[in-house]
Amino acid sequence: MHANRNKTVMNCLGLALLPFALALPTSVLAADTAANGEVEVLNWWTSGSEAKALGALKDGLSDQGIGWKNMTVAGGAGTNAMAVLRSRITSGNPPTAAQVLGYDAQDWAERDALSSLDEVAEAGKWDEVFPQPLQEFAKYDGHWIGAPFEIHSTNWVWANKSLMDELDIEQPRTWEDFIASLKKAKDAGYTGLAYGGQPWQDTTVFENVVLATGGADFYRKAMIDLDPEALNSTTMAQAFDHLRELLKYKDDNSPGRDWNLATAMVINGKALYQIMGDWAKGEFLNANLEPGKDFMCFRTPGTQDAVTFNSDLMIMFDTDDAQQQQMQQAMATIIGSPEFQIAFSQIKGSVPARMDLSADKLDACAQRGYEQVKAAAENHTLMGSMAHGYAAPASVKNAVFDIISSFVNSDMPSDVAAEQLAMAVQGATS
């Protein structure tokens, strides 16, 4: 990584981020130095709430005279976007910046492809405010290489409050109660579980089940440490049993469904629950629904003492163009600022990646989630999501995707699935 580049002296900028009226810190480049330039940003934020949240960054750059060229690649978890990014890099035509997840940031840093964000990080005291599990991915070889937008957690259930009231369902606290409530919905003619049958969504649900079945220590051993005995264990087979039980309550039209369309099923009262990261909440908020009144949010039963997370990082690609360097630094400064972190999460459904902020301006779900993230960070139970690139490298993640989706779309026995999972991970790491 080129840590000595981008050492441009930063001057005071008084930036207002409309429509959020955000006053940013003074460690941003003067607007006139980067004015009339344009950044090209690769991302996969295509749903209504995602695009709206991204608008906060576009507006902040616009106020500095920096234009925006949006390069969106549809597809949850960024799988398609990363393929496009690899093609761009290989052809020698990288974008200015790209939205990536943890191990992908590390991969590009290893290839010496990224600009250093150390100067911005030092000015913003990033070492002090971002939690250590996130710093392990946003830094490489001691240098900051990614600006964290937020922290998303993946062990959430989103519920239609009207259906819960109609069916006289209380918030389930145990796995058994969770399954009983799904059965109640199905018996009443509703879809119990809104489900998107795509590999990353299959694995998002599966990692919830693994955590609920085996607890935090087992999840860490199997999903992060990739311990062969844990992967091919009776506990893992039991997790597959629980996943099979859960799948009884999805509808037949789930294969290939995008995550936000599954969220819409809950919003529209066609399904009781969705297991999904808290970006799903952005869709509820975008529909002008209120947490606690119109929809419910709670940790997947059995996972209440831990948080599985991912965080969108903005990485900046190394360039000799001084204007591009300045615009990259300006973008990173906006993303890391306290004001942007709050405003972005208000729209996106996430919680701030910074751990030093007041949650008063966040909704009820986010306030609870923010406290849970901070507690998990302190208790060493803030753990990376396998489905979203924070538990294992892409080669392992993709191997896990293959096994989980094969299980979901077949009659594979649970003990065979556990054995296949262990073999696939071993093959991906050898």
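**Note on cavities, a buried helix and a buried threonine**

1. The structure contains 3 cavities of 30 Å³ or more. A cavity here is a set of points, on a 1 Å grid over the protein atoms alone, where a 1.4 Å probe fits but cannot get out, and lining residues have an atom within 4 Å of a point. Grid points are joined across faces, edges and corners, and a volume is the space filled by probe spheres set on the points.

2. This is a predicted model, in which local features need pLDDT of at least 70 and side-chain atom pairs count only at pLDDT 80 or more, while totals for chains, interfaces and linings use all residues. Residues are numbered from 1 along each chain as its sequence is written, and side-chain values use heavy atoms, with hydrogens and water left out.

3. The mean pLDDT (the predictor's confidence in each residue, from 0 to 100) is 91 for the protein, and 92% of the residues score at least 70. Over residues 2-33, however, pLDDT stays under 50.

4. The largest cavity has a volume of about 120 Å³. Its lining comprises 14 residues, with Trp44, Glu50, Ala77, Trp279 and His388 nearest the centre. By class, this lining has 7 nonpolar, 4 polar and 3 charged residues; Ala, Val, Leu, Ile, Met, Phe, Trp, Tyr, Cys and Pro count as nonpolar, Asp, Glu, Lys and Arg as charged, and the others, Gly among them, as polar.

5. The second largest cavity holds about 50 Å³ of space. Its lining is formed by Ala194, Tyr195, Gly196, Gln201, Val205, Ala262, Gln274, Ile275 and Met276. Helix 10 (199-224) and strand 12 (271-275) are the elements that give two or more residues to this lining. Here the division is 6 nonpolar, 3 polar and no charged.

6. Helices (H or I, at least four residues) and strands (E, at least two) are DSSP runs, numbered from the N terminus. Helix 16 (residues 338-348) is largely enclosed by the rest of the structure, because 8 of its 11 residues are buried (under 20% relative accessible area, 1.4 Å probe, protein chains only). Those buried are Phe340, Gln341, Ile342, Ala343, Phe344, Ser345, Ile347 and Lys348. Glycine 349, with a positive phi near 95°, follows helix 16.

7. Threonine 300 lies in the loop between strand 13 (295-299) and strand 14 (307-310). With 0% relative accessibility, threonine 300 is buried. Beyond its neighbours within four places in sequence, threonine 300 has contacts (heavy atoms within 4.5 Å) with Asn155, Trp156, Val157, Trp175, Asn208 and Ile275.

Definitions and conventions. 1 Å grid on protein atoms, 1.4 Å probe; cavity = no way out; pocket = protein on both sides within 12 Å on 5 of 7 lines; lining within 4 Å. Buried < 20%, exposed > 50% of the residue type's maximum accessible area, 1.4 Å probe, protein only.
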